[in-house]
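Have a look at the model first, then read on.

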Amino acid sequence: MECILAREGEQMRRSGWSRRDVINILDFSRSDLESLFELAGKISDRPNSIRRSLNEKIVATAFFEASTRTRLSFTTAALKLGGKVIDLSPEASSVMKGESLPDTVRMLESYSDLIVIRHPSEGAALLASEISESPVINGGDGSQHHPTQAMLDLFTITKLKGHIDGLNYAIVGDTRYARTAASLLYGLSKFKPKKVYLVSPESLQPRIEIKTKIDELGLRTEKLEDLEEIIPEIDVIYLTRIQKERFPDVMEYEKVRGSYEITRNLIVKAKRGSIVLHPLPRTNELPSEVDTLPNAAYMKQAEWGVPMRMAILELVIGGAKG
Ligand code: NCD
């Protein structure tokens with residue numbers, strides 16, 4: 001079994017993942033993503049067959065914004081692959097003394113084999129990747145990209161629905177500021193969904209640059225205010241938290257607060273076999289009364305963050321020369 005994973009990992013690396021930065025899901029082809037899902041699937045189905053391919057490798061995590069799942073799933077993934085992890089903790093580092101991002105990245109690069117960075121500024125991960133010789137993974141930059149979350153979301157859909165093509169999607173909530181929604185839309189544009197409904201009040205609809213990009217890529221979308229109108233047709237319901245911290249004006253946030261809370265009574269009207277996803281953390285939009293419905297897949301989605309990040313680390317630095 002070990003050998004199968006080693007060999008397949010090796011072949012996929014040759015297909016273009018080796019030492020690659022992961023900044024924007026649009027940089028990856030459908031076949032890159034399919035290879036990734038295949039490896040993540042093998043790791044999640046056969047956890048005991050894992051090769052400790054990160055032996056001797058050091059992963060640096062640098063989270064300039066709060067995180068539970070992304071930071072800890074990358075940490076767990078690196079440890080399970082036999083790697084070691086160093087964590088910057090900005091609040092306890094020279095960042096507090098005014099050290100610049102480029103200087104911080106230079107240090108992380110010299111101490112580690114790969115950097116996972118999350119930052120409130122859009123473009124911060126791209127900047128880090130331009131400075132660092134070691135591969136950089138974007139764990140979220142402002143409201144712009146969160147590529148590994150979208151890879152996880154698409155992987156979860158593949159696992160639970162068998163495929164991504166031909167399904168109807170509803171992305172519900174803050175598609176304006178949620179980087180998870182933007183990256184998922186970009187990721188979906190690599191596949192052939194039947195239709196993607198963008199369900200939110202007008203002021204939370206995607207920013208113009210996101211809409212222009214997905215239109216250009218041929219993704220079929222439709223704006224809608226009310227999920228109930230279309231819920232019997234939807235295969236994948238993807239909820240997002242209102243990104244309170246990203247609103248330039250708190251009054252604008254107050255206007256939309258609580259504008260799309262779903263309920264158990266609504267989800268029971270959903271199509272048979274449909275799934276409800278959420279990148280988490282959740283606030284009021286997803287009450288815990290939904291958790292016991294068969295469609296609730298968000299906890300499984302979060303759990304699969306570990307095999308997904310193991311697959312990413314394995315493909316990017318597993319066995320590759322540092
Ligand atoms: C998201 C994020 O940080 O963008 N969480 C995550 O990584 N799973 C979603 C959010 O904060 O709403």
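On a 1 Å grid over the protein atoms alone, a pocket is an open set of points with protein on both sides within 12 Å along at least five of seven lines, while a cavity is a set where a 1.4 Å probe fits but cannot get out; lining residues have an atom within 4 Å of a point. Points are joined across faces, edges and corners, and a volume is the space filled by probe spheres set on them. This is a predicted model, so local features need pLDDT of at least 70 and side-chain atom pairs pLDDT 80 or more, while totals for chains, interfaces and linings use all residues. Numbering runs from 1 along each chain as its sequence is written, and side-chain values use heavy atoms, with hydrogens and water left out.

**The largest pocket**

- The largest pocket comes out at about 390 Å³, and of its 21 lining residues, R118, R179, R241, L280 and P281 are the closest to its centre.
- Helix 3 (69-80) and helix 7 (179-188) each put at least two residues into that lining; helices here are DSSP runs (H or I, at least four residues), numbered from the N terminus.
- Sorted by class, the lining has nine polar, seven charged and five nonpolar residues, where Asp, Glu, Lys and Arg are charged, Ala, Val, Leu, Ile, Met, Phe, Trp, Tyr, Cys and Pro nonpolar, and the others, Gly among them, polar.
- The largest pocket lies between domain 1 (2-145 + 304-317) and domain 2 (147-301), because both give residues to its lining; the bounds come from an automatic or database domain assignment.

**Around the ligand**

- Residues near the ligand (a heavy atom within 4 Å) include T70, R118, H146, Q149, R179 and R241.
- For polar contacts (pairs of N or O atoms within 3.5 Å), R241 has a polar side-chain atom 2.8 Å from a ligand oxygen, and T70 has one 3.0 Å from a ligand oxygen.
- In the side chain of Q149, an N or O atom is 3.2 Å from a ligand nitrogen.

How values were computed: A polar contact is a pair of N or O atoms within 3.5 Å; within protein, one must be able to donate a hydrogen and the other to accept it, and residues adjacent in sequence count only if both atoms are side-chain atoms.
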